[in-house]
Each structure stands twice: as structure tokens, then as C-alpha cells.
Amino acid sequence: MGAVRLTVADLDGLRDFYRDAVGLTELETSDDVVRMGTADPSDFPVIELVGDPDAQVRPRGTSGLFHLAILVPGRPDLARALQRVAEAGWRLTGASDHLVSEALYLSDPEGNGIELYRDRPREEWLVRDGVLQMDTLPLDLDGILGELRRKDAGAGMPPGTRIGHVHLNVGDLAAAEAFYSGGFGFDVTVRGYPGALFVSAGGYHHHLGLNTWAGEGAPPPPSGSRGLREFEIVLPSAEALAEEESRLGEAGFEPAREGDRARATDPSGNRVVLRAAT
């Protein structure tokens, strides 16, 4: 997963939040776009903020971003993320043990959902009857904070931090599955959550979460609303990108090529950018 792009009304305020409360580094600013990630130049950008002071609030009951999920390399990094959120004076909206991962939840000042999480090693993931086991259990926050190390004080997000997954509100799960699994070729990993579906590549627990919790048949928000603008899926090569375009076309979803990128829109209006890593 590559960068998540958000349309924001208060560009300076959102930049400060993602720097101070989340710990991202400002990488580049051009016109009304701020790119943020880690200080390691080999990492992909994590988030791109596109400023539009006239952008209206995304209406309730519409499709779009449920949350963007920032994956940190290890448990001590999650402990530092928890401390950073508290030091910035921000509140969590939740904290969960998902068996495959440990996660903190919060929202940015414009209401975009954020998950900060670390994965457990894959050999610890539970599989029963061929089905990956995930749950939503209380998180051991004391255990997380016990991972803090003095040398971590003041550090931003470490190298290797990236978007681990994107969770979307959609209007119809069957249509979303046809697009992301049938069109893109993602494997369905979990169906057990009511009104939700999780898909991934390479055996991961999920690269995409899809849910109808904003309402069955939820329409897209008005054009130019605050919130999700688009998110990136990064393919390993130009050949893989061409293959993905062909697969989408054969499934009836025609991507639009724009230079070295291709764009597609899911049945709920969420926009996806495909690009090659090299």
C-alpha cells in the first residue's frame, strides 16, 4: 500500500497534527500539497494532504474512508506512538487486540479515522479450518507502555513505518468484493465481522477493509468533500501494473492510464491509484 491522499480544509492544522500527534515527517510541500512520511528516503510517503479551504464536511451516511492504518515496525514503536498521542494532548477513540495485531485508534481534527498498529509475527497468527482468526479484544495498554525506552523520547515515526491497510466505507459488500477481489485479484481473508469484509495479497491479514457501517447503499459524498481523495496500491514493476490493468479490464472495470499511473474507481466512488514501485 502506498500513500493515502486526503482533501483537507485546514492544511496547516492537519500538517501539524500528523507531525506532532502521529510523528510523521514533512517530506515535501508544493502548492497546496504536503507529503509526509518517515525521514528514511527509501520509504514510501505515508500521507498526502491536499488543501482546499472551501472543502465541505463529508456528509454522514456516505462512502469513503473509515480509517487509514499506519503500520509501525514493532511493539516499542507502538508504545512510543501511544506516548506521542498523549503528549500532543490528543485522545484515543479505541484500543484493540485483533489477535494478528495490536492497534490504537484516533481521529484527526477533520474527523478522518486513523489506526496506529503493529503486527504480531505471522507464526503467531491463528488459523482454524483454513480461516484466519481475528477478533476485537481489549488492548493491554499497560503492557504496551512497558515497552517504552528512554532513548525513544522525542523520536518521530521510525524507518519502515508505512500504510499497512486502508479501511473503506462502501455501499454494497458484494459489489466491493467483485471489484477488489474479482477485479484486482485480492484474496478474501475474513468474512466473520457483520457488515464487513477483509481482503489481502500475499497472505497478509488484510490490505483492505470494506464495510457497510455507514449504511447499505451509502452514496459517495459530494465531489470535493473533505476526506479520502484517493489511495495508492503499489505494484512491484511496470509489467505487474500492465497485468493489473488488463485484469481489471477483463472484469469490466476500466482503469484510466495517466502517465506511469492508472486510476480506477470502485462501485462506491472510492478512487484507487495503481503505480509501479520501479
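Which side chain does Glu232 join to Arg5 through, and at what distance: what is the polar contact between them? The side chains of Glu232 and Arg5 are joined by a polar contact of 2.6 Å. Before going on, please keep in mind that this is a predicted model.

Glu232 lies in strand β16, residues 227-235. The side chain of Glu232 also has a polar contact with that of Arg275, at 3.0 Å. Is Glu232 buried or exposed? Its relative accessibility is 3%, and buried means under 20%, so Glu232 counts as buried. Beyond four places in sequence, the residues in contact with Glu232 are Met1, Gly2, Ala3, Arg5, Arg261, Val273 and Arg275.

Glu102 sits in strand β7, which covers residues 101-107. Glu102 counts as buried because its relative accessibility is 2%. Which side chains make polar contacts with the side chain of Glu102? One is Arg75, at 2.8 Å, and another is Arg118, at 2.8 Å. With neighbours up to four places away left out, the contacts of Glu102 include Leu78, Ser96, Leu116, Tyr117, Arg120, Leu139 and Ile144.

Arg75 takes us to helix α2. The helix runs over residues 75-87, 13 residues in total, and spans 18 Å from first C-alpha to last, close to the 18 Å expected at 1.5 Å a residue. How much of α2 is covered? Mostly: 10 of the 13 residues are buried. Among them are Arg75, Asp77, Leu78, Arg80 and Arg84. The buried residues of α2 pack against α1 (11-20), β7, β8 (113-119) and α3 (141-145). After the helix comes Gly89, with a positive phi near 80°.

Next, the nonpolar cores. The largest has 57 residues, and Tyr18, Leu49, Leu68, Leu116, Tyr180 and Phe231 have the most contacts inside it. Helix α2 gives this core its largest share, five residues. There is also a second, separate core of 14 residues, including Val100, Ala103, Leu132 and Tyr193.

Nine strands form an open sheet with mixed pairing, in the order β11-β6-β7-β8-β5-β12-β15-β14-β13. Which strands stand at the edges? They are β11 (137-138) and β13 (187-190); each has a single partner strand, so one side of each is left without a neighbour in the sheet. Within the sheet, β5 (residues 64-71) and β12 (residues 162-169) run antiparallel and are joined by seven bridges. Ala69 has His165 of β12 as its bridge partner. Helix α4, residues 173-183, packs on the sheet and touches β12, β13, β14 (196-200) and β15 (208-211). The direction of α4 makes about 160° with that of β15.

Last, a hairpin. Strands β2 (residues 25-30) and β3 (residues 33-37) pair in the antiparallel sense over five bridges. Glu26 stands opposite Met36 in β3. Two residues lie between the strands of the hairpin, and Asp31 in the turn has a positive phi of about 55°.

Conventions
Residues are numbered from 1 along each chain as its sequence is written. This is a predicted model: local features need pLDDT of at least 70, side-chain atom pairs count only at pLDDT 80 or more; totals for chains, interfaces and linings use all residues. Side-chain values use heavy atoms; hydrogens and water are left out. Helices (H or I, at least four residues) and strands (E, at least two) are DSSP runs, numbered from the N terminus. Buried means under 20% relative accessible area, exposed over 50%, partly exposed in between (1.4 Å probe, protein chains only). A polar contact is a pair of N or O atoms within 3.5 Å; within protein, one must be able to donate a hydrogen and the other to accept it, and residues adjacent in sequence count only if both atoms are side-chain atoms. Contact means heavy atoms within 4.5 Å. Two strands pair if DSSP finds at least two bridges between them. Axes are lines fitted to C-alpha atoms, for helices over the stretch in contact, and angles run from 0 to 180 degrees between N-to-C directions. The expected span of a helix is 1.5 Å times one less than its number of residues. A nonpolar core is a set of buried Ala, Val, Leu, Ile, Met, Phe, Trp, Tyr and Cys residues joined through side-chain atoms within 4.5 Å.
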